[in-house]
Amino acid sequence: MKTKNRWLIAASAVGIHISIGSVYAWSNFTNPLMEQFGWNSKQVQFTFSLAILFLGLSAAFLGHFVEKHGPRKAGLLAAAFFGAGIIGSGIAVNLGSLPLLYITYGVLGGIGLGVGYIAPVSTLVKWFPDRRGLATGLAIMGFGFAAAISSPIMDSLIKSVGTANTFFILGVAYLAIMTLSSLYLEKPPVNWLPEGFKEKVESGKAKVKQDLSQLTANEAVKTKRFYYLWMMLFINVTCGIAILSAAKPLSQESIGLTTAGAAALVGVMGLFNGFGRLGWASISDYIGRPNTYTIFFATQIVLFALLPHTTNALLFQIMLAIVYTMYGGGFASIPAYIGDLFGTKQLGAIHGYILTAWAAAGLAGPMFAAWMFDKTQSYAASLTYFAGLFVVALVVSIVIRFDIRKLRKQIEQKKLAS
């Protein structure tokens with residue numbers, strides 16, 4: 001059989017991630033639903049929170065499904081759940097049922113999100129043994145940019161055809177895009193190497209980077225390095241989500257932007273979130289994943305400590321942009337880091353387990369930032385505490401190196417013994 005084009009596999013992964021990433025444009029529905037039914041902000045926002053919760057849960061519990069049945073079936077399952085969730089949301093709106101909206105968008109859509117997130121990423125790592133970071137960065141960049149792409153479309157549709165019909169149109173579109181994308185997904189043949197790279201390996205000009213181990217998901221969770229990765233992702237996302245949720249009022253408080261100006265700044269910063277996913281993940285291929293995360297945390301300790309006290313508008317925006325790139329970069333670099341430490345045997349399932357850190361952070365970050373603001377009436381205090389959290393993350397990023405070094409020594413000793 002002819003081997004598939006790995007760049008088309010990457011394009012298929014982007015297709016799935018652009019579809020499911022539209023969840024980040026949920027705020028387009030907030031005001032229309034509140035105005036139509038008289039629901040309050042918390043009731044409507046809970047729909048989004050529920051979707052993110054089920055993203056984490058389904059990624060954890062269905063990671064084994066991805067490994068057992070392959071990316072194509074997993075992608076089709078994600079398409080079915082996500083498509084049904086969005087179309088079902090249209091039915092919920094027509095019926096004026098908030099509980100049904102929670103079930104359709106929150107639960108069904110959330111399950112589609114989780115499976116759709118991990119299915120193509122674990123496959124891409126196997127198709128790009130020479131550029132793991134670049135591959136995962138491409139797909140997860142799609143997730144980051146999805147809101148910027150879908151937000152104006154949603155806004156236009158809501159104004160022209162109404163909220164329910166917008167859900168119906170988007171649901172059918174996402175179902176079609178995700179189905180077509182999933183049908184092209186496939187694992188590479190055993191021991192497959194890309195053209196050009198294969199010749200370099202055979203001639204000795206290049207080496208296939210050996211993973212530190214080949215573990216199942218259940219074996220991986222028994223290691224210290226699994227929890228080190230979990231903690232690093234949790235802190236990066238907790239602090240990142242907090243500043244995402246506070247960026248608008250913080251920019252008004254610190255550099256005196258108007259409401260419209262602050263909203264525009266947040267929109268532009270979203271682009272840095274997307275570019276950071278591809279940029280940092282690609283850089284990690286050259287400087288290594290341990291160095292990448294250490295840079296993330298060391299830099300953000302300084303930025304989070306300085307941001308609340310920065311009154312220069314240009315400097316403030318540059319610092320915020322760097323934080324946004326590192327928030328996105330943390331997501332994009334983690335699958336490649338998992339591959340480095342645990343191998344590709346059950347990468348999808350391990351990635352699913354690690355993503356529970358995202359679900360936990362999605363609750364912890366905004367809640368802590370809001371609580372601190374209520375106590376101090378300023379976002380400055382919460383950012384100072386988050387700088388302290390990054391100190392913890394920096395220590396963890398250094399400690400994991402000792403674990404990696406120890407494992408490498410064991411591998412070398414085994415090679416010498418044999």
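Student: Let's pick Asn28. Which helix is Asn28 in?

Tutor: Asn28 lies in helix H2, which covers residues 27–37. Keep in mind that this is a predicted model.

Student: Is Asn28 buried or exposed?

Tutor: Asn28 counts as buried, because its relative accessibility is 15% and the cut-off for buried is under 20%.

Student: What does the side chain of Asn28 make a polar contact with?

Tutor: The side chain of Asn28 makes a polar contact with the side chain of Ser151, at 2.9 Å. The Asn28 side chain also reaches the backbone oxygen of Ala25, at 2.9 Å.

Student: And which residues does Asn28 touch, not counting those up to four places away in sequence?

Tutor: Asn28 touches Ser151, Met154, Asp155 and Ile158.

Student: Which residues of H2 are buried?

Tutor: The buried residues of H2 are Asn28, Phe29, Thr30 and Leu33.

Student: What covers the buried residues of H2?

Tutor: The cover includes helix H3 (41–61), helix H4 (63–95), helix H5 (98–127), helix H6 (132–161) and helix H7 (163–184).

Student: What comes just after H2?

Tutor: Gly38 comes there, with a positive phi of about 75°.

Student: Let's step back. How many helices and strands are there in the protein?

Tutor: The protein has 16 helices and 0 strands.

Student: What is the radius of gyration, and what would a compact globule have?

Tutor: The protein has a radius of gyration of 22 Å. A compact globule with 418 residues would have one near 22 Å, so the two agree. Along its principal axes, the C-alpha trace spans about 70 × 50 × 35 Å.

Student: How many of the residues are buried, as a percentage?

Tutor: Buried residues make up 54% of the 418.

Student: What about contacts between residues 24 or more positions apart?

Tutor: Those residues account for 83% of the contacts with a separation of 6 or more.

Student: And the charges: how many positive and negative?

Tutor: There are 32 positive and 16 negative charges, and their mean positions are 5 Å apart.

Student: Back to single residues. Where is Gly15?

Tutor: Gly15 is in helix H1, residues 6–20. Gly15 is buried, with a relative accessible area of 13%. Leaving aside neighbours within four places in sequence, Gly15 is in contact with Ile177 and Ser181.

Student: How many residues apart are Gly15 and Ser182?

Tutor: They are 167 residues apart in sequence, and their C-alpha atoms are 8.8 Å apart in space.

Student: Now Asn236. Is Asn236 buried or exposed?

Tutor: Asn236 counts as buried because its relative accessibility is 1%. Asn236 sits in helix H10, residues 224–255.

Student: What polar contact does the side chain of Asn236 make?

Tutor: The Asn236 side chain makes a polar contact with the side chain of Gln300, at 3.1 Å. Beyond residues up to four places away in sequence, Asn236 touches Phe297, Gln300, Met326, Tyr327, Gly330 and Phe390.

Student: One last residue. What does Ala360 count as, given its relative accessibility?

Tutor: Ala360 counts as partly exposed, because its relative accessibility is 27%. Ala360 has its place in helix H15, residues 356–376. Not counting residues up to four places away in sequence, Ala360 touches Trp230 and Phe234.

Student: How are Ala360 and Thr292 separated?

Tutor: Ala360 and Thr292 are 68 residues apart along the chain, and their C-alpha atoms are separated by 23 Å.

Methods. Residues numbered from 1 in each chain as written. Predicted model: local features only at pLDDT ≥ 70, side-chain atom pairs only at ≥ 80, totals over all residues. Heavy atoms only, no water. Helix = DSSP H or I, 4+ residues; strand = E, 2+ residues; numbered from the N terminus. Rg over C-alpha atoms; globule rule 2.2 N^0.38 Å. Buried < 20%, exposed > 50% of the residue type's maximum accessible area, 1.4 Å probe, protein only. Contact = heavy atoms within 4.5 Å. Lys, Arg positive; Asp, Glu negative; His and termini not counted. Charge placed at Lys NZ, Arg CZ, Asp CG, Glu CD. Polar contact = N/O pair within 3.5 Å; in protein donor to acceptor, adjacent residues only side chain to side chain.
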